[in-house]
Amino acid sequence: MAGLESAPAARPSLTSISSGELRSLWTCDCELALLPLAQLLRLQPGAFQLRGDQLVVPGPAEPAATRGGFNVFSDGLVRLDGQLYRLSSYIRRYVELTNYCDYKDYRETILSKPMLFFINVQTKKDSSKERTYAFLVNTRHPKIRRQIEQGMDMVISSVIGESYWLQFDFQEAVKNFLPPGNKVH
């Protein structure tokens with residue numbers, strides 16, 4: 001009789017480790033997710049490393065084994081537990097595209113991995129304190145991918161031959177994850 005193989009230990013899910021600050025324990029619908037940044041760093045130790053005053057996100061120049069699994073969008077700084085960290089390997093939150101080749105490259109880049117944004121939230125309980133959350137966008141989910149592609153296609157078709165700015169706005173989606181009265185920055 002063959003021996004029974006034991007199943008590998010289950011990784012904690014977003015539902016089982018929620019911080020209690022979100023509207024419900026279920027924060028991930030496979031399209032979008034919101035969780036405290038510190039929690040994401042614990043869950044993804046290979047994708048992010050704290051080194052002094054820098055949060056290192058392995059980028060395209062690094063060996064494939066150490067590259068992060070996210071396209072991180074930021075202004076270059078992120079706050080964690082009250083301390084400000086500089087980011088490495090991030091995509092600017094505001095991008096100016098000047099030609100179709102830039103557009104095509106940018107579109108390919110942002111759709112290649114899940115998108116990660118750092119969101120600062122002022123809680124209703126303590127308005128003097130801000131918490132930083134990671135907001136994840138699953139670019140591989142067909143609905144999300146289609147929305148991003150269609151939005152970008154609409155912009156490029158209306159501005160052919162001109163420079164244009166592209167900005168993603170997920171404020172309303174983030175607010176839906178939080179209890180009423182919190183301020184999203």
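Select K175 first: at 35% relative accessibility, this residue counts as partly exposed. Here buried means under 20% relative accessible area, exposed over 50%, and partly exposed in between (1.4 Å probe, protein chains only). E172 and K175 form a salt bridge, with their closest N and O atoms 3.6 Å apart. A salt bridge puts a side-chain nitrogen of Lys or Arg within 4 Å of a carboxyl oxygen of Asp or Glu. About one helical turn separates the two, because they sit 3 residues apart in helix α4. Helices (H or I, at least four residues) and strands (E, at least two) are DSSP runs, numbered from the N terminus.

A note on the source: this is a predicted model, where local features need pLDDT of at least 70 and side-chain atom pairs count only at pLDDT 80 or more, while totals for chains, interfaces and linings use all residues. Residues are numbered from 1 along each chain as its sequence is written, and side-chain values use heavy atoms, with hydrogens and water left out.

Select E149 and R107: their closest N and O atoms lie 3.6 Å apart in a salt bridge. This pair links distant parts of the chain, E149 in helix α3 and R107 in helix α2, 42 residues apart. E149 counts as partly exposed at 22% relative accessibility, and R107 as buried at 19%.

Go to K143 and E31. Their side chains meet in a salt bridge of 3.8 Å, N to O. K143 lies in helix α3 and E31 in the segment before β1, so the pair ties together parts that are 112 residues apart in sequence. K143 is partly exposed, at 38%, while E31 counts as buried at 16%.

**The nonpolar cores**

Next, select Y106, I110, F117, F135 and F168. These have the most contacts inside the largest nonpolar core, which has 29 residues. Such a core is a set of buried Ala, Val, Leu, Ile, Met, Phe, Trp, Tyr and Cys residues joined through side-chain atoms within 4.5 Å. Elements that each supply at least two of its residues include α2 (100-110), β9 (115-122), β10 (130-137) and α3 (142-158).

Zoom in on F168. Leaving aside its neighbours within four places in sequence, F168 is in contact (heavy atoms within 4.5 Å) with F73, Y106, I110, M115, F117 and I148. Another core of 20 residues lies apart from the largest one; L37, F48, L80 and L87 are among its members.

**Strand β4**

Select residues 71-74. N71 and F73 point one way from β4, V72 and S74 the other way, and all are buried. In a regular strand the side chains alternate between the two faces of the sheet.

Which strands pair with β4 in the parallel sense? One is β9, over 3 bridges, where L116 is the bridge partner of V72. Another is β7 (residues 91-92), over 2 bridges, with I91 as the bridge partner of F73. Two strands pair if DSSP finds at least two bridges between them.

**The open sheet**

Finish with the open sheet of 4 strands, in the order β2-β3-β6-β5, with mixed pairing. Its edge strands, β2 (49-51) and β5 (77-80), each pair on one side only. Select β2 and β3 (residues 54-56): they pair in the antiparallel sense over 3 bridges. There, R51 stands opposite Q54 in β3.
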